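Subject: Handover of the model and what was found in it

Dear colleague,

Please find below the structure I promised to pass on to you, followed by my notes. I would be glad if you read the notes with the model open beside them.

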Amino acid sequence: MENKQTKKRQRGFTLMEFLFSIVIFVVAVLTSLYVLTEAHKMSQLSRERLLALNAARSTLEMIKNTPLANIDTLTQQQLDANLPTTTDVNNAPVFLLDSGTIVLNWIDDGGTLNGNLDNNDQFARITIQVTWTNRTRVQIFEITTVKSRF
């Protein structure tokens, strides 16, 4: 008689075994969701950094084709034209970097920050700074180069 009762008890899982397996499953699912969410965030940030790099490169090409004495005449509109855009359903431009802007700073050979560049200046150190907002954080990408008058 005792042998039959022992066999009946051993047929299925106990409640504790079942709850323990559910806890392990839930922990595994939540960990996977966390990893996927973080991977998506990092992928989005990498995409935005690549877009900022391309905007800085485009601005660098514009500066390369601009005489040194005329760099201080570049407008913000000309600089922001290098920001990556796409179009919406109404063909209106949509910026791919949220609140993106490009800032141009230079130091002439006399050491003056953002001073007037003229034909007497031999070179200038130029910094291109692309700034955008990623969720609630401000992101900055910066490239510095030297441009000579020659």
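In which loop is the place of S99? The model, which is a predicted one, puts S99 in the loop between β2, residues 93–95, and β3. The phi of S99 is near 55°, a positive value in a residue other than glycine, and with a relative accessibility of 52% S99 counts as exposed, because the limit for that class is over 50%. As background, most residues other than glycine have a negative phi.

Two further residues have a positive phi. N114, found in the loop between β3 and β4, has a phi of about 55° although it is not a glycine, and its relative accessible area of 33% makes N114 partly exposed. R135 takes a positive phi near 60° in the hairpin of β4 and β5, where two residues lie between the strands.

The sheet

The strands β3, β4 and β5 form an open sheet in the order β3-β4-β5, with antiparallel pairing. Its edge strands are β3 and β5, each of which pairs on one side only, and neighbouring strands are turned against each other by 20° on average, direction ignored. Between β3 and β4, which run antiparallel, there are eight bridges, and in this pairing N105 stands opposite T127 of β4. Strand β4, residues 123–134, is joined to strand β5, residues 137–148, by 12 bridges, again in antiparallel fashion, and here T133 stands opposite V138 of β5. Helix α2 lies across β3, β4 and β5, and the helix runs at about 150° to β4.

The nonpolar core

The largest nonpolar core has 22 residues, and those with the most contacts inside it are I63, I71, L97, I102, L104, I126 and V130. Helix α2 (15–64), strand β3 (101–108) and strand β4 each supply at least two residues of this core, with the largest share, six residues, coming from α2. For L97, the contacts beyond its neighbours within four places in sequence are E48, L51, A52, L83, P84, V130 and W132.

A polar atom of the W106 side chain lies 2.8 Å from the backbone oxygen of G115. Across the chain, W106 and T127 are 21 residues apart in sequence, yet their C-alpha atoms are 6.1 Å apart in space.

T59, for its part, has a relative accessibility of 0% and counts as buried. Not counting residues up to four places away in sequence, T59 touches L79, N82, I102 and I128, and I102 is also one of the residues with the most contacts inside the largest nonpolar core.

Salt bridges

How many salt bridges does the count come to? The count comes to two. As a general point, side chains of opposite charge can pair when their charged atoms come close.

K64 is exposed, with a relative accessible area of 56%, whereas E61, at 41%, counts as partly exposed.

With best regards

How values were computed
Residues are numbered from 1 along each chain as its sequence is written. This is a predicted model: local features need pLDDT of at least 70, side-chain atom pairs count only at pLDDT 80 or more; totals for chains, interfaces and linings use all residues. Side-chain values use heavy atoms; hydrogens and water are left out. Two strands pair if DSSP finds at least two bridges between them. Helices (H or I, at least four residues) and strands (E, at least two) are DSSP runs, numbered from the N terminus. A nonpolar core is a set of buried Ala, Val, Leu, Ile, Met, Phe, Trp, Tyr and Cys residues joined through side-chain atoms within 4.5 Å. Buried means under 20% relative accessible area, exposed over 50%, partly exposed in between (1.4 Å probe, protein chains only). Contact means heavy atoms within 4.5 Å. A polar contact is a pair of N or O atoms within 3.5 Å; within protein, one must be able to donate a hydrogen and the other to accept it, and residues adjacent in sequence count only if both atoms are side-chain atoms. A salt bridge is a side-chain nitrogen of Lys or Arg within 4 Å of a carboxyl oxygen of Asp or Glu. Axes are lines fitted to C-alpha atoms, for helices over the stretch in contact, and angles run from 0 to 180 degrees between N-to-C directions.
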